[in-house]
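Here are a few notes to go with the model. Have a look at the fold before reading on.

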Amino acid sequence: MNEQENRSFWQRWHIDGPLFIALMVLLILGLFTLYSADGQDLAKVEGQALKVGFALGIMLVLAHIAPHSYRRWSLPLYLVGLFFLLCVEFFGYTAKGSTRWIDLGFTKFQPSEMMKLAVPMAVAWFMAKGAIPPRYRDVMLGFAICLVPTLLIAKQPDLGTSILIAMSGIFVLFL
């Protein structure tokens, strides 16, 4: 019997079993809450369940990507995100007093959502290259990696997302 056959279902699919079960419980509770809060509209719940299923499929695909691939793509993803944030600054779509989106014609794209992943990945990539304990200069550059997109997003104005992005990068620095 080879090693592949000895692995559990969770190991073969690269999934943390208890975390996945907790996630499913929260998703099901969320769907029940949506049903109750939105006037018991089953069509709304079915639409949300379809989106959740799509997201879970993406999660399974991403779980099979090797961690070094994420490290390799973290800087390009961060730079592309900064480029899009600058595009919002000059060519952004304004709605309800905020300029947060790029109008692609068929949909509107909000680059700050991409930065929720790109900032902590970029900080982790940068800090992983240095020595432990990190030098003062490296910590300050890590803060700068967080600060640039945070300020661009705060200018849109989107204070909540800017704080979230700043904290996600700062937590990586300290952890």
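Which pattern does the protein follow, read along the sequence?

1. This is a predicted model, so bear that in mind throughout. Along the sequence the pattern reads α-α-α-α-α-β-β-β-α-α-α, and the tally comes to 8 helices and 3 strands.

2. On overall dimensions, the radius of gyration is 20 Å, whereas the globule rule gives 16 Å for 175 residues; the value is well over the rule, so the protein is more spread out than a compact globule. The C-alpha trace spans about 50 × 50 × 30 Å along its principal axes.

3. Now for burial and surface. Of the 175 residues, 26% count as buried. The protein exposes about 12000 Å², and carbon and sulfur atoms supply 71% of that area.

4. Contacts are worth a look too. Take the contacts between residues at least 6 apart in sequence: 60% of them join residues at least 24 apart.

5. Helix H3 covers residues 17-37, which makes 21 residues. After H3 comes Gly39, with a positive phi near 70°.

6. Last, the charges. The protein carries 14 positive and 11 negative side chains. The centres of these two sets lie 9 Å apart.

Key. Residues numbered from 1 in each chain as written. Predicted model: local features only at pLDDT ≥ 70, side-chain atom pairs only at ≥ 80, totals over all residues. Heavy atoms only, no water. Helix = DSSP H or I, 4+ residues; strand = E, 2+ residues; numbered from the N terminus. Expected span 1.5 Å × (residues − 1). Rg over C-alpha atoms; globule rule 2.2 N^0.38 Å. Buried < 20%, exposed > 50% of the residue type's maximum accessible area, 1.4 Å probe, protein only. Contact = heavy atoms within 4.5 Å. Areas by Shrake-Rupley, 256 points an atom, 1.4 Å probe, with all protein chains shown as cover. Lys, Arg positive; Asp, Glu negative; His and termini not counted. Charge placed at Lys NZ, Arg CZ, Asp CG, Glu CD.
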